[in-house]
Amino acid sequence: METQHTNRLFYSIHEECGVFGVYGHPEAANLTYLGLHALQHRGQEGAGICSSDGKQIYTEKAMGLVADIFTDRRLKRLPGYMAIGHNRYSTAGSSSLKNVQPLVANFSLGTIAIAHNGNLINADQLRERLEEEGAIFQSNSDSEVIIHLTAHARHDSFKQRLIYALGEISGAFSLLVLREKELIAVRDPYGVRPLSIGRFDGAYVVASETCAFDLIGAEYIRDVEPGEMIIINEHGLESVQALNSKKRAFCIFEFIYFARPDSYIFGGINVNEIRKALGRQLARESRIEADLVIPVPDSGMPAALGYAEEAGLPFDLGLIRNHYVGRTFIEPKQSIRHFGVKIKLNPVRNILRNKRVVVVDDSIVRGTTSKKIVKMIREVGGAREVHMRISSPCTVGPCFYGIDTPTRRELIASSHLVEEIRKYITADSLSYLSVEGLRSCVPNPDDYCYACFTNDYPISFPGEHLQQMELFMV
Ligand code: AMP
């Protein structure tokens, strides 16, 4: 029982997702399809859309990419003026259609569909409790506990029931809820994951990132505030402070890696701007004699530009990325991942030959990618020196709030010194950005979660979860 529990815990923590919703537009499902397409980088395992015409909720979901799943025929089966959608990515173990969201359930107050970005840290405990009380779960997704808690609540109104459920869960959640006649958007009290509201053609739209607004031509209005619940229905938009928001803990990794550079998140801050600032700060902290700065595309691109600018070095595209393969992380097996770097990146010999090259990437997780890249730049590209620069601090702790990171044991920096990592990746030099340097690049630095770099987790864990964390300390 205990092992099973442990497995479930570590399977269920790995989720990255994007959510999108529309209220008040005759082409709600089509707009959601476009929104999800713009958010594809947040999850590539499966996607789903639920729509409503005010009477009934319709659902279409499947494994795969948004553009492949939503054919004309499928979209025609999603009528109505409101819709929510979800992109999902999770590692092996819970990768199946039953976990693809939105999750839909019928209960005494009608049908609800939910789309959740983030991870709950007390889902296992809640699930156990709910199962003891007789709940039957359809999936092994954390998010399903929200449905059961809402259904089990004793309050009369749906709003009160949902507020009760939100009070029971702990962790990160940017959540969209669709009912027959209304759309609800909620953000956890720490605001870990982004969630923004916009307007389009008289309709309201909600999205994980504003790049989804840009695609459909929507105008960004504001973020859903931490702890805020926004209810949109025939009476308009109602804002309720559903949860007490004491401390903010916006995920700094959204800026470093996860969000798209063209998005404006956490109060309308442009991701590209921050990434360039990280690169400039990195150059100030770890300048080196070199001929050229190159990015690891695409994630290292803005930071490499910032680095080159600050260091006064030429910038070039010494690595070319093949975009027709998914992120290396998607491959579940270590053997495939090794291969993955080669099918994804190719060095440009003309640019690199005999050069002293600074290579900028956003992060090192296991070290596999950097090792391959350094080897490739030296052996295939013919570079004379390879200096690796990372635009974030050492990744020492797993994320429990919705970024896919492996267990602590697999994070190379959790058990190795920078010099040991340099040797492992065979670079001539290696430098990471300092935590202080990172903090200096964002406004209001105390409003962020830096747990993956500091092991200082802002949302406290239930007892058992803490034990699991210690178990994975090296
Ligand atoms: P690794 O080979 O494990 O060190 O992976 C490092 C590479 O993975 C870097 O190029 C990062 O851009 C990328 N990366 C970092 N975090 C993630 C994540 N959560 N999901 C997918 N890729 C990531």
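Helices (H or I, at least four residues) and strands (E, at least two) are DSSP runs, numbered from the N terminus. A few notes follow, with that naming in mind.

1. Ground rules. This is a predicted model, with residues numbered from 1 along each chain as its sequence is written. Local features need pLDDT of at least 70 and side-chain atom pairs count only at pLDDT 80 or more, while totals for chains, interfaces and linings use all residues; side-chain values use heavy atoms, leaving out hydrogens and water.

2. The sheet. Do look at the open sheet of 4 strands, ordered S17-S20-S21-S22 with parallel pairing (two strands pair if DSSP finds at least two bridges between them). Strand S17 (292-295) and strand S22 (429-432) are at its edges with a single partner strand each, so one side of each has no neighbour in the sheet. On average, neighbouring strands are turned by 20° against each other, direction ignored (axes are lines fitted to C-alpha atoms, for helices over the stretch in contact, and angles run from 0 to 180 degrees between N-to-C directions).

3. The S20 and S21 pair. Strand S20 (residues 356-361) and strand S21 (residues 385-390) run parallel and are joined by 6 bridges. Asp361 has Ile390 in S21 as its bridge partner.

4. Helices on the sheet. Helix H10 (residues 271-285) touches S20, S21 and S22, its direction making about 125° with that of S22 (contact means heavy atoms within 4.5 Å). Helix H14 (residues 368-379) lies across S17, S20 and S21, at about 150° to S21.

5. The ligand. Asp361, the bridge partner of Ile390, returns here: with Asp362, Arg366, Gly367 and Thr369 it comes nearest among the 16 residues around the ligand (near means a heavy atom within 4 Å). A polar side-chain atom of Asp362 lies 2.4 Å from a ligand oxygen atom, and a backbone N or O atom of Gly367 lies 2.7 Å from an oxygen atom of the ligand. Taken alone the ligand exposes 500 Å², of which the protein buries 96% (accessible areas come from the Shrake-Rupley method with a 1.4 Å probe). Helix H9 (252-258) and H14 are the elements giving two or more residues to the shell.

6. Backbone points to check. Most residues other than glycine have a negative phi, and most peptide bonds are trans. The bond from Gln101 to Pro102 is cis, with omega near 5°, and a cis bond also joins Pro297 and Asp298, with omega about -10°. Asp298 is in the loop between S17 and helix H11 (301-311). Asn354 has a positive phi, near 65°, and lies in the loop between helix H13 (349-352) and S20.

Methods
Polar contact = N/O pair within 3.5 Å; in protein donor to acceptor, adjacent residues only side chain to side chain.
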